[in-house]
Amino acid sequence: MQYIFGITMAQKKKKIIKKKSVKKKKLVKRSKASTDKSILDEIIRVDHAGEYGATRIYDGQIAIFGKNSKIGKTIQHMADQEQEHIEKFNELLIEKRVRPTALLPLWNVAGFALGAGTALMGEKAAMACTVAVEKVIGEHYSKQQDLLEDDEKELKKTIAKFEKDELEHHNIGLEHDAENAPGYKIMTKIIEIGCKTAISISKKI
Ligand SMILES: [Fe+2]
Ligand SMILES: [Fe+2]
């Protein structure tokens with residue numbers, strides 16, 4: 001009798017342990033954090049806008065320097081990477097059903113004007129523009145990665161890759177004597193403020 005009682009107790013214990021482990025598994029499943037949809041929308045919208053602006057800045061600079069000049073080729077390398085970035089965000093807009101910013105026509109004109117305007121001031125000024133823009137975009141991408149949860153690992157990886165590219169662009173600017181452009185400090189400050197403003201507007205509108 002005692003033997004049977006012992007077996008029954010052991011079976012009960014086993015069942016309890018099994019139940020607990022199932023509960024634990026469920027908890028682990030539930031605790032996989034998901035990114036807030038409104039945050040995800042803002043991230044994709046603003047990044048798409050930023051990459052679009054970047055392609056237009058480099059278009060403006062290439063329009064002044066020409067594709068075949070030495071500086072034009074360097075800028076073209078960065079423009080090609082921006083093209084990859086915008087294409088990825090074009091796909092993401094569709095995949096994640098995100099509305100693009102309504103201000104694309106403005107960033108179209110403003111980006112080109114900024115690129116062409118700084119190129120007209122000379123190669124160093126064009127590179128100073130790159131330093132300022134890429135600094136802001138790089139920092140922006142760095143912060144964004146903290147906002148993405150486990151369910152957006154792929155996007156996180158994409159943004160980390162793009163952050164690396166933007167840092168490379170920033171360094172290309174510095175290597176091309178950007179800091180010796182006339183009025184470097186004030187010019188980069190103004191461009192940085194402009195980019196940050198464009199970022200806050202493009203998240204919402
Ligand atoms: Fe980019
Ligand atoms: Fe860039």
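Colleague: Arginine 97: buried or exposed?

Modeller: Arginine 97 is exposed, at a relative accessible area of 75%. Exposed means over 50%, buried means under 20% relative accessible area, and partly exposed is in between, with a 1.4 Å probe and protein chains only. The model is a predicted one, where local features need pLDDT of at least 70, side-chain atom pairs count only at pLDDT 80 or more, and totals for chains, interfaces and linings use all residues. Residues are numbered from 1 along each chain as its sequence is written, chains are lettered from A and ligands numbered from 1 in the order in which they are written, and side-chain values use heavy atoms, with hydrogens and water left out.

Colleague: What about the phi of arginine 97?

Modeller: Phi is positive there, about 50°, although arginine 97 is not a glycine. Most residues other than glycine have a negative phi.

Colleague: Step back a bit. How many helices and strands are there?

Modeller: Seven helices and zero strands. Along the sequence the pattern reads α-α-α-α-α-α-α. The chain has 205 residues, and buried ones make up 40% of them.

Colleague: How far apart in sequence are the residues that contacts join?

Modeller: Take the contacts between residues at least 6 apart in sequence: 84% of them join residues at least 24 apart. Contact here means heavy atoms within 4.5 Å.

Colleague: Which residues touch the most others in the largest nonpolar core?

Modeller: Ile44, Ile75, Phe89, Val133, Leu155 and Ile191, out of 40 residues in that core. A nonpolar core is a set of buried Ala, Val, Leu, Ile, Met, Phe, Trp, Tyr and Cys residues joined through side-chain atoms within 4.5 Å.

Colleague: Which helices supply that core?

Modeller: At least two residues each come from helix H2 (37–65), helix H3 (70–95), helix H5 (123–147), helix H6 (153–175) and helix H7 (184–204). H5 gives the most, 11 residues.

Colleague: What does valine 133 touch?

Modeller: Ile57, Leu114, Ile191 and Cys195, if residues up to four places away in sequence are not counted.

Colleague: Now threonine 118. Buried or exposed?

Modeller: Buried, at 4% relative accessibility. Threonine 118 is in helix H4. With residues up to four places away left out, it touches Gln61, Ala125, Ala126, Cys129, Met187 and Ile191.

Colleague: Which side chain makes a polar contact with the side chain of threonine 118?

Modeller: That of glutamine 61, at 3.4 Å. A polar contact is a pair of N or O atoms within 3.5 Å; within protein, one must be able to donate a hydrogen and the other to accept it, and residues adjacent in sequence count only if both atoms are side-chain atoms.

Colleague: And glutamate 192, buried or exposed?

Modeller: Buried, with a relative accessible area of 9%. Glutamate 192 lies in helix H7 and is in contact with Ala132, Lys135 and Val136, leaving aside neighbours within four places in sequence.

Colleague: Pockets next. How much space lies in the largest pocket?

Modeller: About 410 Å³. On a 1 Å grid over the protein atoms alone, a pocket is an open set of points where a 1.4 Å probe fits, with protein on both sides within 12 Å along at least five of seven lines; lining residues have an atom within 4 Å of a point. Grid points are joined across faces, edges and corners, and the volume is the space filled by probe spheres set on the points.

Colleague: What is the volume of the second largest pocket?

Modeller: About 240 Å³. Its lining has 14 residues, and His140, Lys143, Gln144, Ile199 and Lys203 are the closest to its centre. This lining divides into six nonpolar, three polar and five charged residues.

Key: Helices (H or I, at least four residues) and strands (E, at least two) are DSSP runs, numbered from the N terminus. Ala, Val, Leu, Ile, Met, Phe, Trp, Tyr, Cys and Pro count as nonpolar, Asp, Glu, Lys and Arg as charged, and the others, Gly among them, as polar.
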